[in-house]
Structure formats: structure tokens, C-alpha cells
Amino acid sequence: NWRKGIKASRFFRSLLRHVFAFWMGDRSEDHLSAIVFNTLGILELEESGRLDMLDFPPVAALAGEGHS
């Protein structure tokens, strides 16, 4: 199912949610496995060249370049 098209931003949101839940001590789910799954999902998009699914903002925008 995930190979059909989950955008990188969705993987990333889920990744962060599980990181923070684990950090805060929530053990009601297997957060570590979810962290690994979401990280590997992003890696798969990067490695397979699925540019249509890599919807992160450009690095320059994150660094504030080009803004005055």
C-alpha cells in the first residue's frame, strides 16, 4: 500500500509524532518500529527517485536564503 503513493511529508509527520510520543514516555504503541518504518519510507522515495512524492520544501527555503 505504501508503495502506491505516500508523500514524504506524510511519512515525516508520522515520524515526528512517533518520536515525540516515545520521548514523552508513551509505550501504548510500538513507536520505535513506526519511526523506523517512516524513515525507511522517506529513504525509499529518495533512493527510487520518486521526485513526485518528495514534497519537502527546498533546502534554500528552510535556510531562509533569498529572503530579506
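A: One term first: helices (DSSP runs of H or I, at least four residues) and strands (DSSP runs of E, at least two) are numbered from the N terminus. This is a predicted model, in which local features need pLDDT of at least 70 and side-chain atom pairs count only at pLDDT 80 or more, while totals for chains, interfaces and linings use all residues. Residues are numbered from 1 along each chain as its sequence is written, and side-chain values use heavy atoms, with hydrogens and water left out.

Q: OK, helix H1 then. Is Ser9 buried or exposed?
A: Ser9, which is found in helix H1 (residues 8–23), is buried, because its relative accessible area is 19%.

Q: Which residues does Ser9 touch?
A: Not counting residues up to four places away in sequence, Ser9 touches Asp55 and Phe56, where contact means heavy atoms within 4.5 Å. The side chains of Ser9 and Asp55 are also joined by a polar contact of 2.6 Å. A polar contact is a pair of N or O atoms within 3.5 Å; within protein, one must be able to donate a hydrogen and the other to accept it, and residues adjacent in sequence count only if both atoms are side-chain atoms.

Q: Back to the whole chain: what part of the contacts with a separation of 6 or more is between residues 24 or more positions apart?
A: Such residues account for 64% of those contacts.

Q: How many aromatic pairs does the structure hold?
A: The structure holds two aromatic pairs, meaning rings of Phe, Tyr and Trp (its six-membered ring) with centres within 6.5 Å, counted as stacked if the planes are under 30 degrees apart, edge-to-face if over 60, and tilted for the rest. In one of them, the rings of Phe12 and Phe56 have their centres 5.6 Å apart and their planes at 85 degrees, so that pair is edge-to-face. Because Phe12 lies in helix H1 and Phe56 in the loop between helix H2 (31–48) and helix H3 (59–63), the pair ties together parts that are 44 residues apart in sequence.

Q: What do Phe12 and Phe56 form on the surface?
A: Together with Leu16, Val19 and Phe20 they form a nonpolar patch, with about 410 Å² of accessible area together. Patches are made of residues with over 30% relative accessible area and no salt bridge, joining like charges within 9 Å and nonpolar side chains (Val, Leu, Ile, Met, Phe, Trp, Tyr) within 5 Å. Leu16 is found in helix H1 and counts as partly exposed, at 33% relative accessibility.

Q: You mentioned salt bridges; which residue forms one with Arg50?
A: Arg50 forms a salt bridge with Asp52, the closest N and O atoms being 3.0 Å apart, where the term needs a side-chain nitrogen of Lys or Arg within 4 Å of a carboxyl oxygen of Asp or Glu. The structure holds one salt bridge. Arg50 is partly exposed, with a relative accessible area of 27%, and Asp52 counts as partly exposed at 49%.

Q: New topic: where is His31?
A: His31 is in helix H2 and counts as buried, at 3% relative accessibility. A polar contact of 2.8 Å joins the side chains of His31 and His18.

Q: Last one: how far apart are the C-alpha atoms of Ser14 and Thr39?
A: They are separated by 9.6 Å, although the two residues are 25 residues apart along the chain. Ser14 lies in helix H1 and counts as buried, at 14% relative accessibility. Phe11, also found in helix H1, is buried with a relative accessible area of 2%, and its C-alpha atom is separated by 5.1 Å from that of Asn38, 27 residues apart along the chain.

Terms used: Buried means under 20% relative accessible area, exposed over 50%, partly exposed in between (1.4 Å probe, protein chains only). Accessible areas come from the Shrake-Rupley method with a 1.4 Å probe; for residues, only the protein chains shown count as cover.
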